[in-house]
Amino acid sequence: MIENVDQRHGEPLEVVVRKRFGDISVRITAAGEEYDPTMEVPLGTGDDDPDRDIQSVLRSRILRAYDSELSHSYKNNRNVVILTVKKNAQKTLWLTLGAFAMAIILGVILQFAGNEAVIAGLNDNLLTPIKTMFLNALKMIMVPVVFFSLVTCISDLSNIFELGRIGGKTMAFCLFTCVCAVCIGIGVFYLVQPGAGVEAMPVSDASSIGTMEEVSVLSIIVNIVPDNMVDAVLNADMLQIIFIAVLCGVAVGAIGERGKVLKDIFDACNELFLRITRMIISLVPLATFCAITSLVSTTGPQMLTTLLGLIATFVLGLAGVLVLYGLLVLVLARENPLHFYRKFAPCMLLGFTLSSSNAVIPTTIQYAETKLGVPPKVAAFSIPLDATINMDGSCVYLATSALFLATIYGVDISGGMLLTLGLSVMVLAIGAPGITGAAFICLSTLVAQLGIPVEAVTILMGIDQLMSMLRTAANTTGDAVGSIVVAKSEKLLDTEMYRG
């Protein structure tokens with residue numbers, strides 16, 4: 001910059017060090033001809049000044065290596081270069097929490113001071129569209145991120161037995177935590193007993209009584225193998241996409257040297273969509289503000305008091321699941337769980353905001369690899385699989401909600417029925433897609449199996465959005481914990497990164 005500065009007008013070169021939201025950056029401004037610091041400098045003949053020539057090349061290579069932290073602009077005959085030298089790892093968390101608090105305040109103000117027409121217009125024309133576009137953007141990249149990450153990492157595995165070990169350990173972890181989550185949900189319900197003492201509600205229509213619907217593990221397993229690859233992608237069926245990606249990854253690795261071109265293409269696509277993910281995630285605070293403002297302004301504070309007993313029971317059950325995750329990190333991974341919750345808090349908050357396990361997959365993978373020390377070949381395989389079948393928050397929700405509805409409708413759930421309830425909850429949670437409201441749809445199937453009137457689920461419609469956000473945060477946490485436990489068992493966990 002000094003060499004390029006315009007000396008004719010005597011303008012100085014300015015260097016400013018700035019700190020904003022914990023980020024530290026250096027801003028260099030100078031008048032002169034346009035100068036791009038990231039432009040590649042070719043190595044010359046060295047006849048005039050070989051040392052200077054080599055220094056220019058080295059400087060260019062170093063700056064190009066930091067191009068993601070370097071920005072350059074040229075305007076009004078002035079060059080401006082900004083280099084970010086330190087990023088605040090908690091900036092997104094604090095911005096999101098600030099947006100969350102401001103959204104609640106604005107939502108309450110709108111609820112009490114605004115009229116319904118203003119709230120509806122603001123929600124329909126601004127808040128909901130922004131929230132929907134952000135969620136659609138995450139859903140848009142969900143399939144390519146999962147697919148290319150899996151193919152890239154599986155093709156790097158030394159042998160198929162390594163893949164089998166990782167997959168087997170991931171499945172074992174999911175089944176164990178699902179059983180524990182169902183037991184926790186049933187246990188906290190009988191501890192708190194929400195709805196006890198309430199007079200049984202009448203059934204308005206006899207035809208609304210549910211009939212037993214067949215839900216089997218076998219049908220879920222058979223459905224893993226798609227009959228059409230395009231349909232699997234269009235329907236965003238994660239189990240089928242994982243199956244296709246595993247096949248492609250194994251095939252690319254088996255081709256050997258001839259598959260190097262294919263592997264390079266998959267690697268490039270993986271980098272592309274991860275970069276797009278980071279660009280989209282930078283807008284999380286805005287999406288949080290719009291989502292929470294819409295939720296509070298349209299439903300009102302009474303949402304938080306309606307069915308308070310069930311909400312308290314559900315939150316207590318989720319707290320038990322989070323304690324279970326901490327114990328698993330402590331016992332199985334032999335690491336401090338406080339490090340995990342401190343680093344993973346922003347991702348939990350994102351899951352709470354979006355209420356979609358699948359939509360958070362790219363961010364969960366990114367945090368596992370860059371914050372928690374999980375290697376890519378474990379994170380890219382175990383987290384999408386966990387996000388598809390490891391629905392511990394949904395298990396607690398289905399168990400507590402079904403027992404609550406049975407209580408207020410006077411349906412007796414005996415000891416034998418409890419076993420049926422537990423097995424049905426596990427099968428439904430495993431087979432449920434990781435999208436917003438999927439557990440609520442599964443609840444309709446569950447109440448039908450237990451002989452509870454199907455109309456009963458309408459009682460929970462007012463609070464399902466809040467419960468969906470809570471259970472998604474727990475589901476996302478379980479995905480990350482599973483990857484840590486599997487990586488530690490394979491002796492692949494970067495403990496320095498995890499503890500750092």
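This is a predicted model: local features need pLDDT of at least 70, side-chain atom pairs count only at pLDDT 80 or more; totals for chains, interfaces and linings use all residues.

A crossing of two helices is called left-handed if the near helix is turned anticlockwise from the far one by less than a right angle, and right-handed if it is turned clockwise.

The chain as a whole comes first. Its secondary structure amounts to 19 helices and four strands. Of its 500 residues, 47% count as buried. The chain exposes about 24300 Å², and carbon and sulfur atoms supply 64% of that area. Among the contacts with a separation of 6 or more, 80% are accounted for by residues 24 or more positions apart.

The packing of helices may now be considered. Two packed helices are described by the angle between their axes and the distance between the axes. Helix 11, residues 308–331, packs against helix 15, residues 392–408, at an angle of about 150 degrees, and their axes are 10 Å apart. Angles over 145 degrees count as roughly antiparallel, and helix 11 and helix 15 are therefore roughly antiparallel to each other. Helix 11 passes helix 15 in a right-handed crossing. On the side of helix 11, the contact is made by Leu310, Thr313, Phe314, Gly317, Leu318, Val321 and Tyr325; helix 15 contributes Asp392, Gly393, Val396, Tyr397, Thr400, Ser401 and Phe404. Sorted by class, this contact comprises eight nonpolar, five polar and one charged residues.

Helix 11 has a further partner in helix 12, residues 337–354; the two axes come within 10 Å and cross at roughly 130 degrees. That angle makes helix 11 oblique to helix 12. Their crossing is right-handed. Leu322, Tyr325, Gly326, Val329 and Leu330 of helix 11 meet Pro337, Tyr341 and Met348 of helix 12 in this contact. By class, the contact has seven nonpolar, one polar and no charged residues.

Helix 13, residues 361–370, illustrates burial: seven of its 10 residues are buried, so the helix is largely enclosed by the rest of the structure. The buried residues in helix 13 are Ile361, Pro362, Thr363, Thr364, Ile365, Tyr367 and Ala368.

Phe176 lies in helix 4, which spans residues 160–192. Because its relative accessibility is 44%, Phe176 counts as partly exposed. Phe176 and Asn390 are separated by 214 residues in sequence, yet their C-alpha atoms are 9.7 Å apart in space.

Technical notes: Residues are numbered from 1 along each chain as its sequence is written. Side-chain values use heavy atoms; hydrogens and water are left out. Axes are lines fitted to C-alpha atoms, for helices over the stretch in contact, and angles run from 0 to 180 degrees between N-to-C directions. Helices (H or I, at least four residues) and strands (E, at least two) are DSSP runs, numbered from the N terminus. Angles under 35 degrees count as roughly parallel, over 145 as roughly antiparallel, 65 to 115 as roughly perpendicular and the rest as oblique. Contact means heavy atoms within 4.5 Å. Ala, Val, Leu, Ile, Met, Phe, Trp, Tyr, Cys and Pro count as nonpolar, Asp, Glu, Lys and Arg as charged, and the others, Gly among them, as polar. Buried means under 20% relative accessible area, exposed over 50%, partly exposed in between (1.4 Å probe, protein chains only). Accessible areas come from the Shrake-Rupley method with a 1.4 Å probe; for residues, only the protein chains shown count as cover.
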